[in-house]
Structure formats: structure tokens, C-alpha cells
Amino acid sequence: MAAKERFPGWVHRTAAEVIGWTLVVVGIAALVLPGPGLLMLAAGLAVLSRHYHWARRYLKPLKENAFHAAALGVKTIPRITASCMSSFVIMTLGVVWIVEPTTPGWWFLADKWWLFGGTGTGISLILSSMIALALIVYSVRRFRGRPIPPRPSILPWHSR
């Protein structure tokens with residue numbers, strides 16, 4: 001029996017709304033906090049686009065911009081190397097955050113401000129870097145050696 005037959009339509013719509021809006025809010029927060037903000041924002045818009053036309057309008061240029069940026073990011077070997085090295089630096093910082101070394105003598109703020117956030121921040125940094133590495137591999141496989149996709153010509157909030 002399919003899931004649509006077991007649950008009424010309003011249950012599916014409510015679940016999609018909750019998941020979509022949660023991903024959008026967490027994605028917006030992750031734009032300034034450690035985490036894959038644009039990825040979560042795009043996922044939230046993808047879920048909401050099943051029910052809302054405005055979400056489809058915003059998702060299309062976001063996707064096109066993301067593909068354009070991904071193709072540019074893997075255009076040359078130095079760019080790929082720099083992206084991978086950055087991910088490994090972030091992963092290393094996450095490990096340091098989890099290990100929580102003692103406050104160094106050169107630290108001029110109170111001890112409580114040394115590596116604030118604790119283990120949760122460290123885990124978030126490690127997961128973010130793993131997602132970044134997976135996206136780099138995906139981008140290399142999909143875009144390397146192919147023409148760069150064009151950027152969207154019109155923004156969704158500009159009416160025609």
C-alpha cells in the first residue's frame with residue numbers, strides 16, 4: 001500500500017510544510033552559522049515548491065546560480081585543490097573544537113570565550129566539511145571538462 005493511500009492528503013501537506021519551512025529557517029541561520037546554509041535553503045525551497053508557485057520561482061534561479069558557481073569552482077585544478085584544502089582545514093578545526101585544548105597564554109579574552117560552543121560546534125564543522133567535500137566530488141564529476149552553465153538572466157522578484 002502506497003504512503004498516499006495510508007494517510008490523508010492534509011497529513012502529507014502538513015508534513016511537507018513543516019519540513020520545508022524548517023529547512024528554510026535552518027538554512028537561513030546556517031548562512032551565518034557553521035553549516036551548509038544554501039544547501040538547506042535550496043532543499044527547503046524544493047520541498048515547498050511542490051505546493052507553492054513562489055517557491056518554484058525562487059528555486060529555479062537559486063539552482064542555476066548554484067550550478068554556475070559549482071562549475072566555476074571546478075574549472076581549474078588550483079580551485080579544486082583550494083576548495084579541498086579549505087574543507088580539510090575546517091574539518092581540523094572541528095576536531096580541535098571537540099578535543100578542547102586548554103586556553104593558550106596568548107589568548108587575551110576570558111577563558112570562557114576560548115572555543116565557545118564546545119562539541120556541538122566541532123561536530124557541525126566536521127559535518128559541514130564532509131558535505132563540502134561530497135559537493136566538490138559531485139561538481140567535479142558533473143561539470144569538469146564541460147561548458148559552464150549560464151547564470152539566470154532574470155531574478156525571480158523582478159516581474160516581466
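This note walks through a predicted model of one protein, point by point.

1. **Overall fold.** The protein has six helices and zero strands. Read from the N terminus, its elements run α-α-α-α-α-α. Take contacts between residues at least 6 apart in sequence: 60% of them join residues at least 24 apart.

2. **Surface and interior.** The protein has 160 residues, and buried ones make up 23% of them.

3. **The main core.** Which residues form the largest nonpolar core? There are seven: A70, A71, V74, I80, L133, I136 and F143. Helices α4 and α6 each supply at least two residues of this core. Helix α6 covers residues 118–143. Its share of the core is the largest, at three residues. Look at A70 for one link in detail. Beyond its neighbours within four places in sequence, A70 is in contact with S139 and F143. F143 is itself a member of the core.

4. Another core lies apart from the largest one. This one has six residues, among them V24, L45, L48 and L59.

5. **H68 in helix α4.** Helix α4 spans residues 53–73, and H68 sits in it. Is H68 buried or exposed? H68 is buried, because its relative accessible area is 15% and the cut-off for buried is under 20%. Leave aside the neighbours within four places in sequence. H68 is then in contact with I148, P149, P150 and R151.

6. **Aromatic pairs: W21 and W54.** A search of the whole structure finds eight aromatic pairs. One of them is W21 with W54. Their ring centres are 5.7 Å apart. Their planes meet at 35°, so the pair is tilted.

7. **Aromatic pairs: W107 and W114.** How are the rings of W107 and W114 arranged, stacked or edge-to-face? The planes stand at 70°, so the pair is edge-to-face. The ring centres are 5.1 Å apart. W107 has 22% relative accessibility and counts as partly exposed. W114 has 19% and counts as buried. The reason is that buried means under 20%.

8. **An aromatic cluster.** Together with Y52 and Y58 they form one aromatic cluster. Y58 also has a charge above its ring. The charged end of R57 sits over that ring, 5.9 Å from its centre.

9. **Another charge over a ring.** R142 lies over the face of F67. The distance to the ring centre is 4.4 Å.

10. **What to look at again.**

Conventions. Residues numbered from 1 in each chain as written. Predicted model: local features only at pLDDT ≥ 70, side-chain atom pairs only at ≥ 80, totals over all residues. Heavy atoms only, no water. Helix = DSSP H or I, 4+ residues; strand = E, 2+ residues; numbered from the N terminus. Buried < 20%, exposed > 50% of the residue type's maximum accessible area, 1.4 Å probe, protein only. Contact = heavy atoms within 4.5 Å. Phe/Tyr/Trp six-rings, centres within 6.5 Å; stacked < 30°, edge-to-face > 60°. Lys NZ or Arg CZ within 6 Å of the ring centre and 35° of its normal. Core = buried A, V, L, I, M, F, W, Y, C linked by side-chain atoms within 4.5 Å.
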